[in-house]
Amino acid sequence: MRAILLATAAAMGLAGCTTVSSEARNTPRTASAPVSDEDARVADLVARMSLERKVAQLIQPQIGSFTAEDMERYRFGSYLNGGNRGPYGDEFAPASEWLRHADEMYVASVQPMEGDEPVIPTMWGTDAVHGHTNVVRATIFPHNIGLGATRDPDLIRRIGEATAVEIEVTGIDWNFSPTVAVAQDDRWGRTYESYSEDPAIVAPLGAALVEGLQGRKGEADRLGAGHVIATAKHFFGDGGTDQGVDQGEVTGDIEALKAIHAAPYPAAIAAGVESVMASFNSINGRKMHGNKELLTDVLRGELGFDGLVVGDWNGHGQVAGCTNTDCPQSLLAGLDIYMVPDEWKGLHDTLVRQVQDGTIPMAVLDEAVSRVLRVKMRAGLLDEFVKPSGRPNAGEYELLGSREHRAIAREAVAKSQVLLKNDGVLPLAEGANILVAGSAADSIAQASGGWTLTWQGGLELDNNEHFPGATSLWKGLKDAAEASGGSAILSADGSYADKPDVAVVVFGEEPYAEFAGDRKDLAFRDEEGLGLLRKFEAEGVPTVAVFLSGRPMWVNRELNAADAFVASWLPGSEGAGIADVLTGAVPASGKLGFSWPATCDHGPLNGPEGALFAVGYGRALTDTSPLRRLDENCDALLAHEGAEWFVNGRFADGVTAAAGSTDLPDLRGSAAGVTAIGIDRNAQEDSREIAFSPGASLTIAQEGEGSGAYRIAYRVKRRPTQPVSLTVGDVTVDLTHPFSVAAEKDWREMVITGQCAPGLGDSLTFTSQGAFSFDIATITREEVAEGTDCSF
């Protein structure tokens, strides 16, 4: 009871304070209360909360969609910064502005309440998935795919500790990390967020990051100074969607799926993870955000998780029968916090009404609120009312990208390098004159990938000015070469005046995140690196290929052309770690966490069968055994050389469109419930928005006989509320679910093959049973490999 009275006194007496004594700045947050006290304290708080305040604990909006006045009025339990949002509308705001925003929202959340209602501070959550990388100057660690190659839990634990400190500098409480997905199809755009295709590799590394972020269970500083709340995500099956489609469908026997995709969670739970994020995907037709059997019965019952379950970005709105502002199903299924970035007011109002009318039992609401408060209590947020700038490490800006943290990142980079080929050119000889080529060689942005300052990352950050203190591979090699008595020059295009002793060619994937990174196959198409390698080969210059990627890819051509080949993944801000391995200062020790494809076909690859290099492969620098010459044939590289039906806003000769029996020339105008208008994608009116009235249909046909699969570039802005179908020849394909998955994901590709539409045919008919619209940019027909699946 004394603890309850102290908490109440703090709420009544300190809530209005906006300053903190200087002594409080270095006062550690109180460790978790004994378990015997938790239930009593939480029950007392919940009993004194109004319905509106209880519901607000379950609402998580994003910064920029609410004000401090909104926070004081509603008292949101938490909020987040989305991948493209920074404080006060500035993605590149200095750390001081992040801390100022944290103070502003915290102070608004702890203003005195009327009567006996307790004050409950808010908490801020962020996606610090490879360091606190939303903030300029922070240390950028390798993405998980690289960390998986290290097989080093102690290293990952130290990365978690460093990340937690840098998060605390900006006053943030909660990290949406680690991702413990077990990626099974590397076409998935989030593959790089997975440590491995093998859950036995994923589990200990995920648990280690939890311990680093939160502190170890039983230790006095757990969730105290130097630690933040961690989140294991995404429960579950995010890495197992059919064809690697982000937020898509996972199918199969539930126990078999659990054996792979739920396997990392017991280790994270044993490590004490305080929150779990629900996954976007469906399991056998049911969205995880509404799946009580898995969120409650398995996660809480079978696995024993006692923390809070937070939703993903409007993930509740994807549940059948739900919208972003109306989804009691998720709370009833076991979700505790709705991540509702912008439509928070509508959802708050709806949930209040649904508790009042009995749709949501008060006991269910109280249970969810209790779980949120329990996590806040364990994190010390209810014990001392200290605004973020008065907490340990807050405002200590020199800790962002500190020398100690960058040293950990450099170690991680070096240990993550996987040497796939070496004919003897590595390690680079002391005193060598090195040419460093490729547009990626001096690009921190490309080396860091997605979730770096912006959601998608991006080469618009390519001048490196947004990465103070970071070291590109080029700079790391230059320093190493000069230290050994040699030299290094940067020549992006590979030109030179004096013939170098060796050329290091840096190339790879451009940055992406989530669904923007989904691919139809694993063929690496960008030929900049290939051209440079072949140029140097012809000129008699030995080459080292450094491949930056978020997944294994088919690079047989580059492997053949290079004398040495390093899978560097997405190493982040400390390119000197790559130089350490290339020069032999650090041994090459990285081991593949994913099977490397021998061919560029479309299917997923897990295990040694069909792999060029199996999980666990990685050469030592002393292994100079030759790699056989690889097959360079790849039908996927020719996949886009098909017959055009609709490109640049025009139909090819012989292709027509009609709504009912009325023509729509070049997809323009209105007829029979269909309206087609020009929109801009890459050029003026090069695409069309197609709007359907209920029951309307649109047919696009070609005169005569064509051949091959259909490839359609399309965009869905809002999920269909009624069935949508595509009839191809004599076969009808249900598009309702694929279009629901595609909603709000910008432009995507649909490939219709004989696998789902036997016989194909020379016409496409789209039909919608409800009012609906989607956009079309291109339609082509092309030959694809036999057995190629339909994909959306």
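Trainee: On the other side of α11, which residues are exposed?
Mentor: G301 and E302 are the exposed ones there. Keep in mind that this is a predicted model.

Trainee: OK, and which residues of α11 are buried?
Mentor: In α11, which runs over residues 292-302, those are L294, L295, V298, L299 and R300. They span an arc of only 165 degrees around the axis, so they sit on the same side of α11.

Trainee: What goes on at the start of α11?
Mentor: N291 has a side-chain oxygen within 3.3 Å of the backbone nitrogen of E293.

Trainee: And just after α11, which residue takes a positive phi?
Mentor: G304, with a phi of about 75 degrees.

Trainee: What is F235 in contact with, leaving aside neighbours within four places in sequence?
Mentor: Quite a list: A262, Y265, V276, M277, A278, S279, M288, L294, L295, V298, L299 and L303.

Trainee: New topic, H405. Where is it found, and is it buried or exposed?
Mentor: H405 is in helix α15, residues 403-416. Its relative accessibility is 10%, so H405 counts as buried, the cut-off being under 20%.

Trainee: Which residues does H405 touch, not counting those up to four places away in sequence?
Mentor: T139, F141, A162, V165, E166 and L399.

Trainee: Now the whole thing. How many helices and strands does the protein have?
Mentor: There are 21 helices and 33 strands. The C-alpha trace spans about 80 × 80 × 45 Å along its principal axes.

Trainee: How does the radius of gyration sit with a compact globule?
Mentor: It agrees: a compact globule of 792 residues would come out near 28 Å, and the protein has 27 Å.

Trainee: What percentage of the residues is buried?
Mentor: Buried residues make up 61% of the 792. As for the accessible surface, the total is about 27600 Å², and carbon and sulfur atoms account for 49% of that.

Trainee: Last one: what share of the contacts with a separation of 6 or more comes from residues 24 or more positions apart?
Mentor: 77% of them.

How values were computed:
Residues are numbered from 1 along each chain as its sequence is written. This is a predicted model: local features need pLDDT of at least 70, side-chain atom pairs count only at pLDDT 80 or more; totals for chains, interfaces and linings use all residues. Side-chain values use heavy atoms; hydrogens and water are left out. Buried means under 20% relative accessible area, exposed over 50%, partly exposed in between (1.4 Å probe, protein chains only). Helices (H or I, at least four residues) and strands (E, at least two) are DSSP runs, numbered from the N terminus. The arc is that of the directions from the helix axis to the C-beta atoms. A polar contact is a pair of N or O atoms within 3.5 Å; within protein, one must be able to donate a hydrogen and the other to accept it, and residues adjacent in sequence count only if both atoms are side-chain atoms. Contact means heavy atoms within 4.5 Å. The radius of gyration is taken over C-alpha atoms; the globule rule is 2.2 Å times the number of residues to the power 0.38. Accessible areas come from the Shrake-Rupley method with a 1.4 Å probe; for residues, only the protein chains shown count as cover.
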